[in-house]
Amino acid sequence: MAAGAHRVFVSHLSGVAVFDPNGDQVGRVQDLVAMLRIGGRPPRVLGLVVEVVSRRRIFLPMTRVTGVESGQVITTGVINMRRFEQRPTETLVLGELLDRRVRVVDGGEEVTVLDVAITRLPARRDWEIDKVFVRRGKGGALRRKGETLTLEWSAVTGFSLEEHGQGAENLLATFEKLRPADLAHVLHHLSPKRRAEVAAALDDDRLADVLEELPDDDQIEILGKLKEERAADVLEAMDPDDAADLLSELPEDDKERLLTLMQPGDAADVRRLLSYEERTAGGLMTTEPIVLRPDATVADALARVRNPDLSPALAAQVYVCRPPDETPTGKYLGTVHFQRLLRDPPFTLVGAITDTDLRPLPPDTPLPAVTSYLATYNMVAAPVVDDSGSLLGAVTVDDVLDHLLPDDWRETELHSGALGMSDLPEDADGR
């Protein structure tokens, strides 16, 4: 938004940095809080939901916003660091208004809300929603061909009605560049209704990535609202260890029904993981590490490591085994670390540079022993091998941390007093 302007469309505020008067970044805008009013009066914008460095979501009153310009929000220096809690009379603009179907007052035509604009009232520090950007025509595959237009807030009606089947296309557009963990954080703070609608709008791979980052309760809730065939598709797209963790939380009948709907190969990997105790190497491992035969070259290994779908922990090393190459493999021979791959010529055979000194982990190794192994040898992943010498999978440090941290670690702030900002008395936030 250009300096000095007094109107901005809210989709342009998503993820925008918030700075204090000294130029230090406070956090980033996650949403806006508004209060709907009767009689066609434009809603008052109460403030911003800002995610600070500790991932806590706080409320920033619009009365403390001194400027919205050049892709940034400027605020006064004193901010209440109390966690944001939405009140019954409040509406989240991005989370609840975008994608709604409303009606044009003149003629009763139904339109879809793509965006809304907020404006600063002259000579005041108050903001309100004054414009609505909409698309004519019904939703569906051809929605983008509909005519778009900008209307006054008073020219449309239906925002205060509860809507079933509200889409999520435009909400997702505001968050399309977020990492899965950050989108999961946003999803966690939406209402159950909007959470289900956003999940329904995500493609299978994106939803799988996001589910892996959500708390167990949210995972179960979202999976339970998907059609069973789609739920099975999403489970197939998840890492097998994450899919197994999720399925282990379901009733036995539901778990078996979903496993039956999955592709046999994917279901077999998950069933194998479910057969191990949860807090053991077998229960923690992923069944899809990088497996190479001893006659593969360093160039082959580096090509596999470059796969952008691999986590950094899985890409840190390759496992050299006799065929078959899928887990459970033939005889496990050893490991080649990524740094070694960078030091040797591309034509070198991985069998010639395999590290055979480090013993692999049996699948029944308890979690404390797995943790000690990774710490002792400065590893980010460890091979899991059965009594016959076959590689079953690999335990990565991120999966170990998931089981070492408290169950609610995704919702716990890293620092309670981040950025040196002040905690204010209850209800001193201007709401």
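S14 counts as buried because its relative accessibility is 16%, and the term buried stands for under 20% relative accessible area, exposed for over 50%, and partly exposed for what lies in between, with a 1.4 Å probe and protein chains only. Leaving aside residues up to four places away in sequence, S14 touches V29, L94, T174 and F175, a contact being heavy atoms within 4.5 Å.

The model is a predicted one, in which local features need pLDDT of at least 70 and side-chain atom pairs count only at pLDDT 80 or more, while totals for chains, interfaces and linings use all residues. Residues are numbered from 1 along each chain as its sequence is written, and side-chain values use heavy atoms, with hydrogens and water left out.

Taken as a whole, the protein chain has 15 helices and 18 strands, and 49% of its 431 residues count as buried. Among contacts between residues at least 6 apart in sequence, 60% join residues at least 24 apart.

Several helices can now be followed in turn. In helix α3 (residues 180-188), the buried residues L183, A184, H185, V186 and L187 are covered by elements that include the strands β3 (25-35), β4 (44-52) and β5 (57-61) as well as the helices α4 (192-201), α5 (204-211) and α6 (216-225). Two of these covering helices, α4 and α6, pack with their axes 10 Å apart at an angle of about 65°; axes here are lines fitted to C-alpha atoms, for helices over the stretch in contact, and angles run from 0 to 180 degrees between N-to-C directions.

Another pair is formed by α8 (240-247) and helix α10 (residues 264-274), whose axes come within 9 Å and cross at roughly 65°. P240, D241, A243, A244 and L247 of α8 make the contact with D269, V270, L273 and L274 of α10, which by class comes to 7 nonpolar, no polar and 2 charged residues. The buried residues of α10 are A267, D269, V270, R272 and L273, and they pack against α8, α9 (252-261), α11 (281-284) and β18 (391-396).

What spaces does the search of the whole structure find? There are 4 cavities of 30 Å³ or more, and the largest cavity has a volume of about 50 Å³. On a 1 Å grid over the protein atoms alone, a cavity is a set of points where a 1.4 Å probe fits but cannot get out, a pocket is an open set with protein on both sides within 12 Å along at least five of seven lines, and lining residues have an atom within 4 Å of a point. Grid points are joined across faces, edges and corners, and a volume is the space filled by probe spheres set on the points. Among the residues that line the largest cavity are F175 and V186. The largest pocket holds about 1300 Å³ of space, and of its 38 lining residues the closest to its centre are E212, D239, D309, L310 and S311. That lining divides into 13 nonpolar, 6 polar and 19 charged residues.

Some backbone details complete the tour. Most residues other than glycine have a negative phi, and most peptide bonds are trans. D99, however, has a positive phi near 75°, and a cis peptide bond with omega of about 10° joins P323 and P324.

Key. Helices (H or I, at least four residues) and strands (E, at least two) are DSSP runs, numbered from the N terminus. Ala, Val, Leu, Ile, Met, Phe, Trp, Tyr, Cys and Pro count as nonpolar, Asp, Glu, Lys and Arg as charged, and the others, Gly among them, as polar.
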